[in-house]
Amino acid sequence: MLSELPHNHSQNIESILEQLPATENFLTIASVFRQLGDPNRIRIFWLLCHCEECVINISALVDMSSPAVSHHLRQLRAGGLITSHRQGKEVYYKASDNRQAQLLHLFIEQIMEVACPSASSDPAQEE
């Protein structure tokens, strides 16, 4: 393979290529990042990592219209990042309990250097 590369930098590229997943394997992460291309959607996702709420309350919390919040919730749900359940006339949303949602939550907080509300209220964390 090295002989086919335009530049040979004397790296052991064959061992790296043996481990390089196919493009199809990156579709999930590309989908997650596409969904999070909007700061309002990230904000809603982060909020739902810490509480379970209905559309009306989410709208009030993030100061957005209910249709706009519903649009973002549909995209997050389609991507498997949030779940919902109906209780009477209300539909409640929360972050999914899966690896992608948990890692994304951690990633957001690490990048923004913000702590989880539950972690910051833990006295053991404050020491």
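User: How do you know how α3 passes α6, left-handed or right-handed?

Analyst: This is a predicted model, and in it α3 passes α6 in a left-handed crossing. The term is used when the near helix is turned anticlockwise from the far one by less than a right angle.

User: What makes α3 roughly perpendicular to α6?

Analyst: The axes of α3 (residues 39–48) and α6 (residues 99–112) come within 10 Å and cross at roughly 110 degrees. Angles of 65 to 115 degrees count as roughly perpendicular, so α3 is roughly perpendicular to α6.

User: Which residues make that contact, and how do they divide by class?

Analyst: From α3 come Ile-42, Phe-45 and Trp-46, and from α6 come Ala-101, Leu-104, His-105, Ile-108 and Glu-109. The contact of α3 with α6 divides into 6 nonpolar, 1 polar and 1 charged residues.

User: Why is α3 also called roughly perpendicular to α5?

Analyst: Here the axes of α3 and α5 (residues 66–78) cross at roughly 70 degrees and come within 10 Å. That angle lies in the range of 65 to 115 degrees, so α3 is roughly perpendicular to α5.

User: What meets what between α3 and α5?

Analyst: On the α3 side are Asn-40, Arg-41, Ile-44, Phe-45 and Leu-48; they meet Val-69, His-71, His-72, Leu-73, Gln-75 and Leu-76 in α5. By class, this contact of α3 with α5 has 6 nonpolar, 4 polar and 1 charged residues.

User: Why is the pair of Phe-33 and Phe-107 called edge-to-face?

Analyst: The ring centres of Phe-33 and Phe-107 are 6.4 Å apart, and a pair needs centres within 6.5 Å. The structure holds 1 aromatic pair.

User: What makes β1 and β2 the edge strands?

Analyst: The open sheet of 3 strands has the order β1-β3-β2, with antiparallel pairing. Both β1 (53–54) and β2 (82–87) pair on one side only.

User: How do you know that β1 and β3 count as paired?

Analyst: Two strands pair if there are at least two bridges between them. β1 and β3 have 2 bridges, in the antiparallel sense.

User: How many bridges join β2 to β3, and which residues are partners?

Analyst: 6 bridges join β2 to β3 (residues 90–95), and the two strands run antiparallel. Among the partners, Arg-86 goes with Val-91 in β3, Ser-84 with Tyr-93, and Ile-82 stands opposite Ala-95.

User: What is found at Gly-88 in the hairpin of β2 and β3?

Analyst: Gly-88 takes a positive phi near 70 degrees in that hairpin, which has 2 residues between the strands.

Definitions and conventions:
Residues numbered from 1 in each chain as written. Predicted model: local features only at pLDDT ≥ 70, side-chain atom pairs only at ≥ 80, totals over all residues. Heavy atoms only, no water. Axes fitted to C-alpha atoms, helices over the stretch in contact; angles between N-to-C directions. Helix = DSSP H or I, 4+ residues; strand = E, 2+ residues; numbered from the N terminus. Parallel < 35°, antiparallel > 145°, perpendicular 65-115°, else oblique. Contact = heavy atoms within 4.5 Å. Nonpolar A, V, L, I, M, F, W, Y, C, P; charged D, E, K, R; others polar. Phe/Tyr/Trp six-rings, centres within 6.5 Å; stacked < 30°, edge-to-face > 60°.
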